[in-house]
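This report covers one protein chain. Please look over the sequence and the model before reading on.

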Amino acid sequence: MSNNNFNDEVSLTDSWNKLVQYKKIFLCIFFIVFIVFSFLILLTPYKYKFTQVIKIASADNIINVVDESSKIEEVFYPAVVHMYNMQAQEKLNVSDFEVKRIGGGALLLSCVGKKSNASNYKIIFQKIIEKIIDANKELVEDHKKRLIDSKINLEQRLKVINEFNKTILSKKSLLFSEKQRNFLLEALMEKIYLDQDLYLNKLIYKVDLLNTQIYKTYNTKPISKFIISDQIVGLPRGVLLILTTVAALFFGLLGVFTTNFVVELKRDTKNTKK
């Protein structure tokens, strides 16, 4: 037998002897850890995934489709969950909710929680849809205001140009020769055309933008049912109990060797004093 094998056998025998010597400590730590963690595992309810798909806008029919996913995750979810928690006895965590863009103007809302909270999660998803609609309505009102302002500006601009045109063509403009008046008239008509074209383009753009937001507002709706997954989220209880057993063994052995180390340290201290 080689020295290495002999040392290994001695080390294993020594460890076994220590385990037997402090078996009460080992068993106490093992059962305390096992019972506590098993109790927590059995008390923790199973968690399931809840999902619903909502449609914001059709990418084929809409100009400037806005990605609402980051806004939902950073603003709407925290606001809705906070409002819910203010009234509910059992609090929900914002971290349990997430949103994903899945294309075509559709978003996947999802959360993880207990089946008993399914109705609450459904309400939260509905509130998210309402938040999106309200936010888009604000955009619509803002674009309406800008559209009205643009229309007023265009009307005022054209009115000023027409008044100037009348002044140029009036009999009072005798300071200019007929040739000069014709030249000024041509320049004026070109300016009228360019100004009118510019303002009309701006107006058309704002109309398109407004129609986009109106479409998005009325088109925000769920396009799938509220789905509860049959699969449990996370590890099964059986696996967790096995891991708990391993952890209890580890802490039990750690307690044994820690106790042995303390005892030997005290013994060495006494021998040193003698």
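The largest nonpolar core holds 27 residues, and I72, Y77, F97, L109, I124 and I128 touch the most other members. Such a core is a set of buried Ala, Val, Leu, Ile, Met, Phe, Trp, Tyr and Cys residues joined through side-chain atoms within 4.5 Å. Buried means under 20% relative accessible area, exposed over 50%, and partly exposed in between (1.4 Å probe, protein chains only). The elements giving two or more residues to this core are β1 (47-55), α3, β2 (97-103), β3 (106-113) and α4. The largest share comes from α4, with nine residues. In soluble globular proteins, nonpolar side chains tend to be buried together.

The model is predicted: local features need pLDDT of at least 70 and side-chain atom pairs count only at pLDDT 80 or more, while totals for chains, interfaces and linings use all residues. Residues are numbered from 1 along each chain as its sequence is written, and side-chain values use heavy atoms, without hydrogens and water.

Leaving out residues up to four places away in sequence, I72 touches Y77, P78, V99, L107, L109, I128 and I132. Contact here means heavy atoms within 4.5 Å.

Now the chain as a whole. Six helices and five strands make it up, in the order α-α-β-α-β-β-α-α-β-β-α along the sequence. Helices (H or I, at least four residues) and strands (E, at least two) are DSSP runs, numbered from the N terminus. Of the 274 residues, 29% are buried. Among contacts with a separation of 6 or more, 82% join residues 24 or more positions apart. The chain exposes about 19,000 Å², of which carbon and sulfur atoms supply 61%. Accessible areas come from the Shrake-Rupley method with a 1.4 Å probe; for residues, only the protein chains shown count as cover.

Two pockets follow. A pocket is an open set of points on a 1 Å grid over the protein atoms alone, where a 1.4 Å probe fits, with protein on both sides within 12 Å along at least five of seven lines; lining residues have an atom within 4 Å of a point. Grid points are joined across faces, edges and corners, and a volume is the space filled by probe spheres set on the points.

| Pocket | Volume | Lining by class |
|---|---|---|
| Largest | about 310 Å³ | seven nonpolar, one polar, six charged |

Ala, Val, Leu, Ile, Met, Phe, Trp, Tyr, Cys and Pro count as nonpolar, Asp, Glu, Lys and Arg as charged, and the others, Gly among them, as polar.

The largest pocket has about 310 Å³ of space. Among its 14 lining residues, V80, M83, K127, E130 and K131 are closest to its centre. The most come from α4: eight residues.

The second largest pocket is also lined by 14 residues, with K47, E90, D96, N117 and Y121 nearest its centre. E90 sits in the loop between α3 and β2. Its relative accessible area is 39%, so E90 is partly exposed. Beyond four places in sequence, E90 touches Y84, N85, K114 and N117. E90 and N117 are 27 residues apart in sequence, yet 9.3 Å apart C-alpha to C-alpha.

K18 lies in helix α1 (residues 3-21). K18 counts as buried because its relative accessible area is 17%. Not counting residues up to four places away in sequence, K18 touches V256, F257, N260 and E264.
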